[in-house]
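Thanks for coming. Please look at the screen.

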Amino acid sequence: MSYVFQMISVERGIEYTELVKEAPWELESRPRHGGEIYFNNVNFRHKSDGPLVLRNVYAAFYPGEKYGIVGRTGAGKSSLIAALFRLSEPEGDICIDDILTTRIGLHDLRKKMSVALQVCIAEHSHMFFL
Ligand SMILES: Nc1ncnc2c1ncn2[C@@H]1O[C@H](COP(=O)(O)OP(=O)(O)O)[C@@H](O)[C@H]1O
Ligand SMILES: [Mg+2]
């Protein structure tokens, strides 16, 4: 590797140490297995100084059910998932099994959920329109 590339790696490494830290990875409240999800008056922006991309969202998703999140491009479908995974911190309450996601460590929150996008619409029994 050339000297220049090595120096860029060092520079990147230093930059990463200066990033604002995410919330704690594990906390006392840990999700159980049901997976009931509530959105209660949720607002969400991808960056703290960015525009609101979700406004006053109320939704309930029950375990064992399938839901389709429906909306045009830019409606906020992906942002709903970003809010659930706390890629940026949402305003309002998002609960899994009655535990606020803000009280669940990020590792617990993220490793217990996975995302499968664009599943056949006919498989869904419920639709959530954005
Ligand atoms: N990572 C991101 N950073 C900043 N803005 C984003 C990001 N992802 C999406 N947005 C913005 O959030 C809004 C909703 O987009 P998105 O959630 O991707 O909608 P959809 O998935 O329904 O197409 C859009 O205005 C989009 O530009
Ligand atoms: Mg999307």
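Leaving aside residues up to four places away in sequence, S79 touches F44, H46, V53 and L54. One of these neighbours, H46, is also joined to S79 by a polar contact of 2.9 Å between the two side chains. Before I go further, please keep in mind that this is a predicted model.

Where does S79 lie? It lies in helix α2, which covers residues 77-84. Is S79 buried or exposed? The relative accessibility of S79 is 8%, and the cut-off for buried is under 20%, so S79 counts as buried.

The buried residues of α2 are S79, L80, A82, A83 and L84. For those of you new to helices, an α-helix has 3.6 residues a turn, so residues three or four places apart point the same way. What covers the buried residues of α2? The cover includes strands β1, β2, β3, β4 and β6, and also helix α3. After α2 comes R86, which has a positive phi, near 55°.

Now the ligand. The residues around ligand 1 are H46, V53, R72, T73, G74, A75, G76, K77, S78 and S79.

A polar backbone atom of G74 is 2.7 Å from an oxygen atom of ligand 1. K77 brings a polar side-chain atom to 2.8 Å from an oxygen atom of the ligand. In the side chain of H46, an N or O atom is 3.4 Å from a nitrogen atom of ligand 1. How much of ligand 1 does the protein cover? On its own the ligand has 550 Å² of accessible area, and the protein covers 56% of that.

Next, the backbone. Most residues other than glycine have a negative phi. N41 is not a glycine, yet its phi is positive, about 55°. N41 is found in strand β1, residues 37-44. With 31% relative accessibility, N41 counts as partly exposed. D97 is not a glycine either, and its phi is also positive, about 50°. D97 is found in the loop between β4 and β5. At 7% relative accessibility, D97 counts as buried.

Now the whole chain. How many helices and strands are there? The protein chain has three helices and six strands. Along the sequence they follow the pattern α-β-β-β-α-β-β-α-β. The chain has 130 residues, and 29% of them count as buried. Take the contacts between residues at least 6 apart in sequence: 66% of these join residues at least 24 apart. The chain exposes about 9300 Å², and carbon and sulfur atoms supply 56% of that area.

Last, confidence. The pLDDT of the protein chain averages 86, and 88% of the residues score at least 70. Where is confidence lowest, and where is it highest? It is lowest in strand β6, residues 126-129, with a mean of 81, and highest in β1, at 97. Strand β1 is where N41 is found, and β6 is part of the cover over the buried residues of α2.

That is all I have.

Methods: Residues are numbered from 1 along each chain as its sequence is written. Chains are lettered from A and ligands numbered from 1 in the order in which they are written. This is a predicted model: local features need pLDDT of at least 70, side-chain atom pairs count only at pLDDT 80 or more; totals for chains, interfaces and linings use all residues. Side-chain values use heavy atoms; hydrogens and water are left out. A residue is near a molecule or strand if one of its heavy atoms lies within 4 Å of it. A polar contact is a pair of N or O atoms within 3.5 Å; within protein, one must be able to donate a hydrogen and the other to accept it, and residues adjacent in sequence count only if both atoms are side-chain atoms. Accessible areas come from the Shrake-Rupley method with a 1.4 Å probe; for residues, only the protein chains shown count as cover. Helices (H or I, at least four residues) and strands (E, at least two) are DSSP runs, numbered from the N terminus. Buried means under 20% relative accessible area, exposed over 50%, partly exposed in between (1.4 Å probe, protein chains only). Contact means heavy atoms within 4.5 Å. pLDDT is the predictor's confidence in each residue, from 0 to 100.
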